[in-house]
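Hi,

Here is the structure I promised to pass on to you. Have a look at it first, and my notes follow below.

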Amino acid sequence: MAAFIVLLGTAIVLWGAWGYVLMRFEPSISGIVVRALFSLSLGLALLATTITVGLFVHLRRRQMPASRQEVGLIARQALLVAVFVVVILNLASWRLLHWWNIVLLALLFFMVELFLMSLNRRPQLHRQDKVA
């Protein structure tokens, strides 16, 4: 439970950092450094928030804390969501966002998740050394 509270506090601090970047810098006249700070702070805040929400939903549905493997799965899916949102917002800021970009990007992220899930389900072949 302490780790959950620390993660929640981290998410709040990261949202504060994103708010600071948003209020302090003018995005239309700022350079690439400010855009990178904006994207990085937003991505990290989204990552921490989605991990927190994912762990909370897991706790509510299963009535037990998540195992280490389940935390890894939640973190991976949260990372994909955060990167998806940041890429969509960057495409919109460059005026390249169209509905087909969103569909193609969503399919790409879906295929990446399916690929990563298939890696976890493959049986591990253990080499047994014969003692002669």
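The largest nonpolar core in this predicted model has 5 residues: Leu 7, Ile 51, Leu 55, Ile 74 and Ala 78. Helix 2 and helix 3 (68-93) are the elements that give two or more residues to this core.

Helix 2 covers residues 32-62, and its 31 residues should span 45 Å at 1.5 Å a residue; the end C-alpha atoms are 44 Å apart, which agrees. Just after helix 2 comes Gln 63, with a positive phi of about 60°.

Helix 4 (residues 99-121) passes the same kind of check: 23 residues at 1.5 Å each should span 33 Å, and the end C-alpha atoms are 33 Å apart. Its buried residues are Asn 101, Leu 105, Phe 109 and Glu 113, and they pack against helix 3. On that spacing, an α-helix has 3.6 residues a turn, so residues three or four places apart point the same way.

Now for the whole protein. There are 4 helices and 0 strands. The radius of gyration is 19 Å, whereas a compact globule of 132 residues would have one near 14 Å. The C-alpha trace spans about 70 × 40 × 35 Å along its principal axes, and buried residues make up 23% of the 132 residues. Of the contacts with a separation of 6 or more, 62% are between residues 24 or more positions apart. The protein exposes about 10,300 Å², with carbon and sulfur atoms supplying 71% of it.

Best wishes

Definitions and conventions:
Residues numbered from 1 in each chain as written. Predicted model: local features only at pLDDT ≥ 70, side-chain atom pairs only at ≥ 80, totals over all residues. Heavy atoms only, no water. Expected span 1.5 Å × (residues − 1). Core = buried A, V, L, I, M, F, W, Y, C linked by side-chain atoms within 4.5 Å. Buried < 20%, exposed > 50% of the residue type's maximum accessible area, 1.4 Å probe, protein only. Contact = heavy atoms within 4.5 Å. Rg over C-alpha atoms; globule rule 2.2 N^0.38 Å. Areas by Shrake-Rupley, 256 points an atom, 1.4 Å probe, with all protein chains shown as cover.
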